[in-house]
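Before reading this note, please open the sequence and the model side by side. The points below are meant for someone who is new to this entry.

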Amino acid sequence: MRATLALVDSLTPAELHDWLEGRWFENSGDYNLSLFNKAAKKRWRAIDPDGFAVWQVKNGDMGADGLLKEWAEKDRPRLVRFLDQHQDARLEFNLLRDSAGMDPDFVIARLEALLGGAFHGLGSEDYLVRQTLKNLAETHPGKAASLMTTLPAIWARQVELGLLSASLNQSFSEGLRSLWDRPDGLALFAETEVPDKSGKILAELGNLPAAWRSGLAADAWRYVNGPAAAEWLTVDYEAYGFSPEEKKKMLTAAIQRASYDEPRQALETLLAQDFSEKERKRAITSIFSNQQGGSREDLLALLDGDEREMAASVLEQVAQPQDVGVQKIETPDAWFSAVMDADSNRSWALIDELSRWDEKNSTGLSKAFLDLPAETKDKVVKMLSNNRGDLPMDFRAEVVRYQIESGATRGDQGVRGDEASQLAVGWMKNDPAAASQWVNSLPEGDDRLWAQKNLARNWALYDPEASQQWVNSLPAADRDAVKTYLKARK
């Protein structure tokens, strides 16, 4: 042991680097080798902290956070020098995220330096940025508020969301009322992080402004969920001022969400309501698809005729062994061929297979889709309608374009418009140029116009100037409609 420690003490920082970088003694069961590894790290950290920190950061060693946090508390100039010399956004946001015990003025100064010119998303660092801003808003709300006037709009919004979340969690009713008179109040509320938000907003249902009730119905899936899902089945929606169509949207979400834990109540609610035949079949399929065990004769007894037969068929499919995957598929032609041969119970496996393709295998998928006959395209669209998976963006874009171009006579205008808007907004966060070009290339009509409106509104949160430039470049009729839409939502 003494010889091992003597060897460590004789090594220079450069030699310590070479020994540790070689990883000769890692995961060794020999006591002296393990001792050397630990002692070498301890000595290097003591005699050359900067060099040791660089090595740890490079190797993803979480011990680097401990050293940097120690500097944050005891040697701020050294920390700033290190961060400036070894610029690593992920490292710094990991450090700043745990800001509760740090000087808030230091955290704010670093955030302003890092984010002051970041008008677009930061890709894989986005989550860390949002968590950093959220934690700062919770621990130092007064200090955090100052960032709303110094950061670009996208990040100022995250600060505001953090402050609003903290306010709602402290007093939900008071925090909620502070949002009622704001034109963007419901949109902000939707993005806040509040435990059991569904149950809490349900308790306030009688107090909500009419516009908020309509907003809840328009995005019912966002609010009807969790432990409170079954409670939404028993709401007297007419008494609260919901229109018949809004009531149907709220119940549709409640029936689907409650079908996991309260399937009988969900089914009884469905059967007691005035849903169309198509809506009933869709809901029945959803309810019985969520039953993972048993014959559920108690549920089948509530149905008769074709609906009972359909529900029994769904239960039979659910009861089948779950190993219904597909053989490895590596080319677009082979994948589309499998789509035509697959039944609905295997579609998820095909989508999962596609989501694991690398870039090489994904190349040509969009072109192959364009060359397919309409029958195959329709089956692809149907299969993807309930399960998008992690699909290549350009492939999704062609599928949505086909829906728009071929769906004019199918009565699914709203569905197509939603798809185009969701894709455009999601794409914009990583590649706004590609998203805006795709939207402009869509066929003229309501689908394109709604995609333009939603893209412009969301893009403005990231880069107001670029969004405005794009809006100004639109054809006159589209430009005027988008500007009117944006003005109404300020």
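1. Basis of the note. This is a predicted model, in which local features need pLDDT of at least 70 and side-chain atom pairs count only at pLDDT 80 or more, while totals for chains, interfaces and linings use all residues. Residues are numbered from 1 along each chain as its sequence is written, and side-chain values use heavy atoms, with hydrogens and water left out.

2. The chain as a whole. The protein chain has 32 helices and zero strands, where helices (H or I, at least four residues) and strands (E, at least two) are DSSP runs numbered from the N terminus. Of its 490 residues, 45% are buried; buried stands for under 20% relative accessible area, exposed for over 50%, and partly exposed for what lies in between, with a 1.4 Å probe and protein chains only. The chain exposes about 25100 Å², and carbon and sulfur atoms supply 49% of that area, as computed by the Shrake-Rupley method with a 1.4 Å probe, where for residues only the protein chains shown count as cover. Among contacts (heavy atoms within 4.5 Å) with a separation of 6 or more, residues 24 or more positions apart account for 62%.

3. Helix α27. This helix covers residues 393–406, and at 1.5 Å a residue its 14 residues should span 20 Å, which agrees with the 20 Å between its end C-alpha atoms; the expected span is 1.5 Å times one less than the number of residues. Because 10 of the 14 residues of α27 are buried, the helix is largely enclosed by the rest of the structure. Aromatic pairs. The structure holds 14 aromatic pairs, a pair being two rings of Phe, Tyr or Trp (its six-membered ring) with centres within 6.5 Å, called stacked if the planes are under 30 degrees apart, edge-to-face if over 60 and tilted for the rest. In one of them, the rings of Phe189 and Tyr223 have centres 6.2 Å apart and planes at 10 degrees, so the pair is stacked. Since Phe189 belongs to helix α13 (residues 185–191) and Tyr223 to helix α16 (residues 220–223), the pair ties together parts that are 34 residues apart in sequence. Phe189 counts as buried at 0% relative accessibility, and Tyr223 counts as buried at 3%. Tyr237 and Phe242 form an edge-to-face pair, with 5.4 Å from centre to centre and 85 degrees between the planes; Tyr237 is buried with a relative accessible area of 0%, and Phe242 is buried at 5%.

4. Charges over rings. Which ring lies under the charged end of Lys453? That ring belongs to Trp450, and the charged end sits 4.4 Å from its centre; the term requires NZ of Lys or CZ of Arg within 6 Å of the ring centre and within 35 degrees of the ring normal. Lys197 lies over the face of Phe189, at 4.8 Å from the ring centre.

5. Glu92 lies in helix α7 (residues 89–97) and is buried, at 3% relative accessibility. Its side chain makes a polar contact of 2.6 Å with the side chain of Arg110; a polar contact is a pair of N or O atoms within 3.5 Å, where within protein one must be able to donate a hydrogen and the other to accept it, and residues adjacent in sequence count only if both atoms are side-chain atoms. Not counting residues up to four places away in sequence, Glu92 touches Leu83, Arg110 and Leu114. Ser467, found in helix α31 (residues 464–472), is likewise buried at 3% relative accessibility, and its side chain reaches the backbone oxygen of Ala456 at 3.0 Å. Leaving aside neighbours within four places in sequence, Ser467 is in contact with Ala456, Trp459 and Ala460.

6. Two residues with more accessible area to check. Ala211, in helix α15 (residues 210–218), is exposed, with a relative accessible area of 58%, and its C-alpha atom is separated by 9.8 Å from that of Pro183, 28 residues apart along the chain. Asp196 is found in the loop between α13 and α14 (197–203), where it is partly exposed, with a relative accessible area of 43%. Although Asp196 is not a glycine, it has a positive phi of about 50 degrees.
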